[in-house]
Number of protein chains: 2
Amino acid sequence: MFASRLNEAILAKKSPLVVGLDPDITKFPSCLKPAATASAAEIANAILTFNKNIIDSVADLAAAVKPQAAFYEQYGWAGMKALEETAIYARSQGLLVILDAKRGDVPNTALAYARAYLDKDTNRHAFPCDALTVNPFLGRDGLEHFVQAAASNQRGIFLLVRTSNPGAADLQNLTVKETERPIWQEVAAWVADWSEKTRGSEEYSPVGIVAGLTYPHEAQTLRRLLPHSYLLLPGLGVQGGRIADALPCFDKNGLGAVLVAARSIIYAFSREPYKNRFSSDQFAAASRKATQNILDNLGASGYPLR
Amino acid sequence: MFASRLNEAILAKKSPLVVGLDPDITKFPSCLKPAATASAAEIANAILTFNKNIIDSVADLAAAVKPQAAFYEQYGWAGMKALEETAIYARSQGLLVILDAKRGDVPNTALAYARAYLDKDTNRHAFPCDALTVNPFLGRDGLEHFVQAAASNQRGIFLLVRTSNPGAADLQNLTVKETERPIWQEVAAWVADWSEKTRGSEEYSPVGIVAGLTYPHEAQTLRRLLPHSYLLLPGLGVQGGRIADALPCFDKNGLGAVLVAARSIIYAFSREPYKNRFSSDQFAAASRKATQNILDNLGASGYPLR
């Protein structure tokens, strides 16, 4: 089961961190920044080199990496190739791969997405990832294919329930007349149902959720409503989320939630307080130091595994 | 403006049809079916050959093609390469390309998706398409990047408002307490606002919507609520949508809506009433005949351009 593998990774690394691999070449260290005239293939190569350096520097400090598909898709098929190679490399270094692609569609098409990202290891064409983020707008019938593929193939999904952006409230916080609940709680109720159906005798099901750390009250409510779902918590650092707000989302063993940091780790070399202590060439070392600092903060705040 | 280009394509072809390119190799004609051991690259080649044959057979009868991203993503980067090459070929044959990828994310990431699919022609890395389907679950802040890119770069978007699948009602039909309106009408109100801001002196804005033909009452309500948005109408044929229900969605000039047919056209050779009249090798001719029949039905039902 995916959740058992995630548990094991967190316990082995003593870390619930997920490093977001959102490559933005305009923020790359000068040694890797592609020329303005670079081809998509050249840019894709620079992205892969950047990612491998980050992976090497954080592999023992993080449970998983989370590549954000958009940042690869913007370089077409060459970018997607870099994404595949990044995922293969991350897994070879003992990291789980959570692909943040927020897919969702009608049933016939959702099945094709599930085959693309959540299929058995014997499907040589499937993308090499362990879990996928999915979007609930189209309703339960398409999502069933993702749930089923995850449960059958040792994969996981994280359904968007309450996202980390300021505009999330536009739709997710609307109150449903019949139930007096916000939309995000309606979606959470679907997850509760799927979790019960898929978790067997495990504590956590393969059906997790995305709950923005920027809305700690909602994230903590979701923790209570969904005791058997992993929470993927984005929004730490640049977006304003705080470690103290994440703590109530973990269980007493330090499991049940994962904390995402992206820009604050991968571009640490260009940010305070690291930019004067590391040169641009030392971007990987700066990322490692930023990761260790987050883990130290977790420990100081009472996270049980540190 | 994208809508003007879509108007021109419909008027030139006298057709509001969009052919869905959803390649499923298990349904391919035997002459193109890849072996069980085929590599992703071999499958991608078969997909491209299939698509080129379909494009050649319908180019003068359809305004656009709509590749469904999932069916390409399931073959990894090789599949994405086939998608890019399909789009380039379709455009070279005078068809607009509407990429059905249903993207949506937080603002920073939505911007990367907009760059991937809706950027200027001068961005050599952007995917060669004319419009993109997008998902509203994350709210307006991410969507603003898609709206802006579409308006600035002569591209279009089609926002999911009421999708064609049976499960669509799970979320989209929930009634919002404060306004007594269903969710799909809340999303439609965002579109009304963006349409006014982006259409200039044009009749139709670059901000269109997806409205499933399988829910004709909702589609026709959306037609009235959004007089300046193009409606992308999926669900004809296999999903149960009917031509008679599409007719009220067009304006008096036959513009303002496009009608999607996918499986009923591209796999016509294996379906009634074509399967006894065309051999598997004649799949492209069967697709042409199926397309002509839909256009004849449109004409017989009173569609003004036929």
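In this predicted model, A:Leu232 has A:Val258 of β8(A) as its bridge partner, and the two strands concerned, β7 (residues 231-233) and β8 (residues 257-261) of chain A, pair in the parallel sense over 3 bridges. Pairing here requires that DSSP finds at least two bridges between two strands, while strands (E, at least two residues) and helices (H or I, at least four residues) are DSSP runs numbered from the N terminus. Residues are numbered from 1 along each chain as its sequence is written, and chains are lettered from A in the order in which they are written. Local features need pLDDT of at least 70, side-chain atom pairs count only at pLDDT 80 or more, and totals for chains, interfaces and linings use all residues.

The pair β7 and β8 belongs to a barrel in chain A, which 8 strands close in the order β1-β2-β3-β4-β5-β6-β7-β8 with parallel pairing.

In the loop between β1 (17-21) and α2 (40-58) of chain A lies A:Phe28, which is buried because 22 other C-beta atoms lie within 10 Å (20 or more count as buried, 12 or fewer as exposed, and those in between as partly exposed, with C-beta atoms placed from the backbone). Leaving aside residues up to four places away in sequence, A:Phe28 touches A:Lys33, A:Ala46 and A:Phe50, where contact means that C-beta atoms, placed from the backbone, lie within 7 Å.

Turning to the other chain, 49 residues of chain A are in contact with 49 residues of chain B, and α5(A) gives the most to the side of chain A that touches chain B, with 6 residues.

Conventions:
Two residues are in contact if their C-beta atoms, placed from the backbone, lie within 7 Å.
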